[in-house]
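Please look through the sequence and the structure shown below, and keep them at hand while reading the report that follows.

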Amino acid sequence: MSTAEDIVTEAPAVEAVPKRAMTLGFGTSLVVLAVLILVPLFVKNFIIFQLTMLLIYALAVLALNILTGGSGQFSLGQSAFYAVGAYTSAILMEHVGMNYALTLPIAGIVCFGFGFLFGQPALRLSGVYLALATFALATAMPQLLKLGYFEHWTGGVQGLVVTKPDAPELLQAMASWFHKSISQDMWLYYFTLAVGIAIYIASVNLLRSRSGRAFMAIRDNEIAASAMGVDVALYKTLAFGVSAGITGVAGGLGAIAVQFVAPDGYTITLAIQLFLGMVVGGVGWLPGSIVGSAFIIFVPNIAESFSKGLSGAVFGVLLFLVIFLVPHGARQVAIVAQQLIGKLKKN
Amino acid sequence: MPAIHLRLGAFSAALALLAATTDPSVAQKKYDTGATDTEIKIGNIMPYSGPASAYGIIGRTEAAYFKKINDAGGINGRKINFVSYDDAYSPPKAVEQARKLVESDEVLLVFNSLGTPSNSAIQKYMNSKKVPQLFVATGATKWNDPKEFPWTMGWQPNYQSETQIYAKYILKNMPNAKIAVIFQNDDYGKDYLKGLKDGLGQKAASMIVAEESFETSEPSIDNHIVKLKSSNADVFVDIATPKFAAQAIKKVTELGWKPTHFLNNVSASVGSVIRPAGYENAQDIISANYLKDASDRQWDNDPGMKEFYAFMAKDFPEGDRLDGGTVVGFGVAQTLVQVLKQCGDNLTRENVMKQAANLQDFRTEVLLPGIKINTGPSDFAPISQLQLMKFKGEKWELFGDVISADVGG
């Protein structure tokens, strides 16, 4: 009897490991959230814009993290999904005259479909071969956007200029009671933050759900997963779809924040940056996405301040140091920090 | 006590007023963000990394030139603080860098930012902030649009001007020509084609007998050339970037087709196009230019180019003078210095645009003889003159007069 009891008590503990490993504690989450909410009140518009881009890239990195960290599939084609999302939003806003907020779910759905369909042939491939197939997608995308057939909608090489939204009048009126005004940048930041939090919570829940467990089972051992009754084909394509959908929303937000879409904005470089962000943030650790995003936005600027001609080389050295010293990225740093705090508490 | 304070305040105010009214030079000094008594802050965005990093040399040349100006005392006693950022040829990054320059570094103006996509991305922002986006480094025609975008100005001759000049030449010398055109299917190719058609005017429809477009993703454009030859045209207008232009030059000779061949300036480089295509295949090709070519021996004793060579040797020894980018960077930096000199002590953004649109017969000596920079309130195309040239032996020979063509965007 005692052995049976052991098994019963142990089972939830085993299951809880991936849960905790995927997210932050409740207290830490609140602190991070408070920082994200308060910082824009004290900085210049330009910094707010950079922070908005930070959140947007963090979303895109998070999407890749679900795919790679969750279901174990590689993708170097995230820039293609990002581009489709950006163009969907831009075209709906500029040609159809739709409200910017409404274009985001559409961008997400379009990209979900696109990713799901791309997931079908990708099923036959795994590991580096899948990475190569998605790489082809990323290389092809800028040229597809330039095609004459779509030019009426996409603006061809010239791209499309997007109008930046103002804060809703109700909010502006409320702000004026406090003798403050809400700039476009600030509004867009909080809008992005709200979308980002919603997607983050949804993603965490997804990975904790039945589907999430199926993703991880496939990641850990495909054959074992299918033996346990997981529909491997369905869940693999589903992971692709979800990842593409979130990337699409990020792309749409990116188009609104940058106010411009053009094929040259979505080259393979973007896909590699997102991949890099995921690795630096820690594969499979969702909160790391924002650290990874900060890395790809701010480190090139730091590298440039060292030397203009050698900015690429400096960036390479910094990246090498990070991978060499903390191969598991921000996740490793977080674990070390946690242990240190734990020790301090004991003392 | 308060009374004394008040009186003291009134006295000092009167004194300040007196000082302001008696010294005219103080009264005339006007500054916007980015300009002070000692400094003018200028922003710049270049692709130092990424797919177009070869153009980064332009920014480095400019930095070297401004350093030379500063070492010689600056402009009207003010030193130029040149802040140049990398956008890796990515439009979103260009927006970030432009905002950093305007909102964080607080520059007076953004100068010679490079690339059509990057400049398109920041154009609306720069104009809404009313910060000059001066002498952008792209040949697209749309920068000459002072009504819609009064804060944006180009520098180099735009693509449409160039093909308009070819059209003028064709109408004058070969009025019965049958023209075949090949063009790259993007903004650059279409801009050139529009210039040709506008230049030919009503005769465009009858004179252009064949049109072929190609994608840069195609490995070779040979089949398009074969098609064009079958149209029996006697004039061939070649709108292609270097790699494809070289293919076209080779294929035309191979086919035994002998049209009058017009090659766009983008691909007029002897080193990267003509030599690979073979000198013997390129004889008598016609093109146009506006700058002196540093690889051309005929300028060795030219005073203007000697100044440039001296600058390269002394101030920018690590740069390659044969790289076309250094000549461009030198010329455009000189143009900016001229604008800032004209501004005098009135360094407001408005006055910068006013003076940039008030260049009269200005010359930087790297321009071909006879070509002058002229702008006006409704003419935001600084260089709109070119000279035709014909390939003879192993170099270009200039011929004919300098021709003008002003095109708005």
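## The sheet in chain B

In this predicted model, four strands of chain B form an open sheet, in which the strands follow the order β3-β2-β4-β5 and the pairing is parallel. The edges of this sheet are formed by β3, which covers residues 79-86, and by β5, which covers residues 133-134, and each of these strands of chain B pairs on one side only.

## Where chain B meets chain A

The two chains touch each other, with 25 residues of chain B in contact with 27 residues of chain A. On the side of chain B that touches chain A, at least two residues each come from β3, from α4 (91-105) and from α5 (116-129), and the element that gives the most is α4(B), with eight residues. The edge strand β3 of the sheet is therefore also one of the elements of chain B that supply this side.

Sorted by class, the residues on this side of chain B are nine nonpolar, eight polar and eight charged.

## Two crossing helices in chain B

Further along chain B, helix α6 (residues 159-173) and helix α7 (residues 187-200) have axes that come within 7 Å of each other and cross at roughly 35°, and the crossing of α6(B) and α7(B) is right-handed.

Which residues meet where α6(B) and α7(B) are in contact? Among those in α6(B) are Y159(B), Y166(B), A167(B), K168(B) and L171(B), while those in α7(B) include Y188(B), D191(B), Y192(B), L196(B) and L200(B). Taken by class, the contact of α6(B) with α7(B) has eight nonpolar, six polar and five charged residues.

## Chain A as a whole

Chain A has a secondary structure of 16 helices and two strands, and its C-alpha trace spans about 70 × 50 × 45 Å along its principal axes. Why can the radius of gyration of chain A be said to agree with that of a compact globule? A compact globule with 347 residues would have a radius of gyration near 20 Å, and chain A has 21 Å, so the two agree.

Of the 347 residues in chain A, 46% are buried. If one considers the contacts in chain A between residues at least 6 apart in sequence, 77% of them join residues that are at least 24 apart.

Methods: Residues are numbered from 1 along each chain as its sequence is written. Chains are lettered from A and ligands numbered from 1 in the order in which they are written. This is a predicted model: local features need pLDDT of at least 70, side-chain atom pairs count only at pLDDT 80 or more; totals for chains, interfaces and linings use all residues. Two strands pair if DSSP finds at least two bridges between them. Two residues are in contact if their C-beta atoms, placed from the backbone, lie within 7 Å. Ala, Val, Leu, Ile, Met, Phe, Trp, Tyr, Cys and Pro count as nonpolar, Asp, Glu, Lys and Arg as charged, and the others, Gly among them, as polar. Axes are lines fitted to C-alpha atoms, for helices over the stretch in contact, and angles run from 0 to 180 degrees between N-to-C directions. A crossing is left-handed if the near helix is turned anticlockwise from the far one by less than a right angle, and right-handed if clockwise. The radius of gyration is taken over C-alpha atoms; the globule rule is 2.2 Å times the number of residues to the power 0.38. A residue is buried if 20 or more other C-beta atoms lie within 10 Å of its own, exposed if 12 or fewer, and partly exposed in between; C-beta atoms are placed from the backbone.
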